[in-house]
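Good morning, and thank you for making time for this item.

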Amino acid sequence: MTRKGKRLALISAALAVLAMAVGLVLFALRDNIVFFYSPAELAQKHVAPGTRLRIGGLVKEGTVVRGEDRNVSFTVTDRTADLDVTYKGLLPDLFREGQGVVVDGALAANGAFRADSVLAKHDERYMPRDVADALKKQGVWQGEKQ
Amino acid sequence: MIVETGHFALVLALALALAQAILPFAGARLRDVALMRVAQPVAVAQFLLVALAYGALTHAHVVSDFSLVNVIENSHSLKPMIYKISGVWGNHEGSMLLWVLVLSACGAAIALLSRAMPDLLRADTLAVQGLIGAAFLAFILLTSNPFARVADPPWQGRDLNPILQDPGLAIHPPLLYLGYVGFSTVFSFAAAALIGGRIDAAWARFVRPWTLAAWIFLTLGIAMGSYWAYYTLGWGGFWFWDPVENASLMPWLAGTALLHCAAVMEKREALKVWTIFLSILAFSLSLLGTFLVRSGVLTSVHAFASDPERGVFILAILVVFIGGALALFALRAGALPTGSLFAPISREGALVVNNLLLTTACATVVIGTLYPLALEALTGDKISVGAPFFNTVLIPIALPLVLLMPIGQMLAWKRGELIGALQRLRTAFAAGVVALAAFGALYGAPVLSIVSAGLAIYLVVGAFSDIAQRAALGNVLARLRGLPLSAWGTSVAHAGMGLSLLGLAAAGWGVEQIVAMKPGVAQDVGPYQIAIEDVASRAGPNYAETYAVMAVREGGETIARIEPAKRFYQARRMARTEAGIVTLGLGQVYAALGEQHADGTLDARLYYKPLVLLIWLGAMVMALGGGLSLADRRLRIGVAARARAAQPQPAE
């Protein structure tokens with residue numbers, strides 16, 4: 001094969017792989033990304049029930065109710081809007097009232113949020129950045145505890 | 001005093017790094033050998049000074065010198081000694097100091113191990129290395145000084161983040177940094193080749209051991225990080241597609257591609273420009289990873305306190321080095337001599353396909369990692385791109401790559417024969433099909449696991465088919481001994497990949513249960529039963545823990561006991577789950593505690609994970625393969641130059 005032919009073959013092979021990759025990426029990005037909202041943002045957005053979402057905020061004091069069979073319900077708040085969350089499973093070690101939390105899941109038909117995973121902050125200095133941003137936006141940010 | 005000595009040593013190291021960046025470079029342009037050779041002693045001295053600074057910080061941590069901000073914020077007098085020593089890099093400042101220590105060690109190693117290298121190449125390489133060092137030393141001194149003091153030292157420190165208090169902290173970061181930063185050597189070699197305008201097979205031979213060494217450490221570092229996350233986070237997962245994990249995967253993919261195309265360049269002098277490009281890419285992705293992890297744009301356990309000033313500084317370093325290298329590449333790559341020809345069906349051709357697939361995989365990981373950041377910056381929308389995205393994109397790239405790996409090994413250089421190669425892989429194909437059927441019958445769905453497991457066995461058998469067939473040609477032992485170590489290295493590394501794939505495939509057959517356990521009542525987990533025998537409390541050095549003694553039974557007989565625990569660290573008032581794990585064969589039984597209820601029941605996550613150890617053992621086998629290849633006598637540093645001296649090459 002000539003040098004030119006070889007180069008052409010190489011380039012077309014590269015383009016084929018690239019096209020495949022681009023296709024995969026676009027396909028995956030359409031179906032597999034999850035939007036992050038604070039409860040106040042969610043209230044404005046009218047998201048259809050069943051859409052996967054990630055919600056960040058604080059666990060509202062006095063709302064954690066532990067039911068039978070590891071069912072838990074609590075309210076996530078950004079001090080502007082509240083969102084009721086139900087969850088079945090084990091809560092992370094650092095889950096506490098008044099502290100930052102991020103929940104993954106989807107809205108149920110009744111407007112409550114059904115979480116399938118609950119993430120809490122990593123240590124006392126850490127607040128999920130998304131939560132911090134949301135709190136700053138709502139004007140209730142207390143500043144970093146250092 | 002020791003602390004100030006360390007701080008002073010760091011400032012001096014910055015001055016030497018600047019000298020190392022300027023003098024040899026000027027010498028190389030002026031063709032002044034004496035000036036060029038300044039690079040070596042300066043590089044070694046720079047390393048010694050950084051090591052002195054590092055030692056001073058370690059000393060402060062070991063003796064709990066609470067007059068240092070860094071020690072106050074990350075240490076505690078009751079902290080066990082191993083975490084006092086490894087806690088030095090368990091924070092932003094210390095980890096950056098380790099970064100620079102490894103960087104200067106790489107520079108010193110080049111200086112000491114490059115006797116056979118042409119003066120010009122060595123001078124330019126060390127100059128680039130010095131420039132990188134100067135940038136990061138300035139970063140530490142200006143934004144992240146680990147030696148900052150307080151006027152009023154407190155009596156006690158705030159302790160290290162409990163999540164980091166684990167033996168994994170002693171192993172994972174140093175290994176990962178040796179890999180990450182190890183690619184700086186290859187970057188410097190590539191920049192030097194572009195500056196000097198000369199690149200040949202000898203260059204590839206000089207670079208080869210550095211690429212291999214960095215790749216080995218990165219492989220081990222990633223595997224160790226994955227195992228640490230697996231046993232410490234209590235979710236039983238080993239890879240979370242967290243941006244920080246991706247930050248280490250990107251240079252690994254680029255480095256793996258580099259390893260393979262450098263082989264083409266070394267053997268056949270082809271793909272030169274591409275090799276240079278990948279050399280730049282691998283370290284650029286390491287820098288990108290450092291930026292993602294250390295600048296605070298991401299929040300994770302790896303991103304310690306965030307500070308916008310630091311982010312901007314690292315971003316500037318990133319732009320200067322990646323931009324500078326790519327600009328140099330754009331200017332000079334066209335002037336590099338083109339390499340030799342090869343047929344599409346050949347070892348070279350196969351390695352080109354390997355590179356295409358690996359760089360594509362790398363690009364998709366880059367997109368998945370940076371897309372959320374870009375989208376947030378542009379539109380303010382916050383999204384997360386997680387496992388579903390990466391699985392959808394990477395599995396269709398990875399599985400064909402695995403299918404092609406043994407075929408590539410079977411093809412001859414320059415011109416190969418596809419039919420012949422496939423025929424020689426008969427045994428491997430047969431083994432794969434048998435494994436497919438066996439795993440399907442034994443474990444069943446999901447289909448992806450069965451297919452991957454079949455491919456994994458095909459890959460392991462296929463990796464050794466070439467060696468086996470060569471050995472079968474005559475006196476087996478003599479033949480096996482006669483094979484070059486690098487051939488063994490390839491086979492062992494490919495087989496390691498197969499083992500890892502088998503472990504990953506088996507994840508689909510695992511059992512996960514979240515249960516409320518009553519003491520004495522056994523719970524089925526896969527083929528085993530788990531029962532709580534006792535729940536008690538005890539005190540550790542800087543924590544108190546509640547632990548459960550659980551018996552793991554098989555057929556009524558207790559075969560092991562595990563002690564999952566919940567620890568409470570007083571200094572930070574923080575709880576942490578300590579999983580109870582027992583290894584049974586290549587699988588593991590894994591238990592993590594949840595809450596304890598008033599009626600005596602205990603929430604727990606119980607997992608049975610068949611073959612899970614193969615994921616990490618496979619990575620270690622891959623690294624072993626790299627080590628074998630590194631040990632190949634024919635390819636040692638210096639041999640190339642001696643060989644060249646013996647038989648002068650024709651002018652290009």
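Helix 10 of chain B passes helix 11 of chain B in a left-handed crossing; left-handed here means that the near helix is turned anticlockwise from the far one by less than a right angle. Helices (H or I, at least four residues) and strands (E, at least two) are DSSP runs, numbered from the N terminus. This is a predicted model, in which local features need pLDDT of at least 70 and side-chain atom pairs count only at pLDDT 80 or more, while totals for chains, interfaces and linings use all residues. Residues are numbered from 1 along each chain as its sequence is written, and chains are lettered from A and ligands numbered from 1 in the order in which they are written.

The axes of helix 10 (residues 243-268) and helix 11 (residues 272-294) of chain B come within 8 Å and cross at roughly 165 degrees. Axes are lines fitted to C-alpha atoms, for helices over the stretch in contact, and angles run from 0 to 180 degrees between N-to-C directions.

I turn now to the two chains. Their contact takes 36 residues from chain B and 34 from chain A, counting residues whose C-beta atoms, placed from the backbone, lie within 7 Å. On the side of chain B that touches chain A, helix 13 of chain B gives the largest share, seven residues.

Finally, strand 1 (residues 33-37) of chain A and strand 1 of chain B run antiparallel, joined by four bridges; pairing requires that DSSP finds at least two bridges. Within strand 1 of chain B, B:Val385 stands opposite A:Ile33.

Notes
Two residues are in contact if their C-beta atoms, placed from the backbone, lie within 7 Å.
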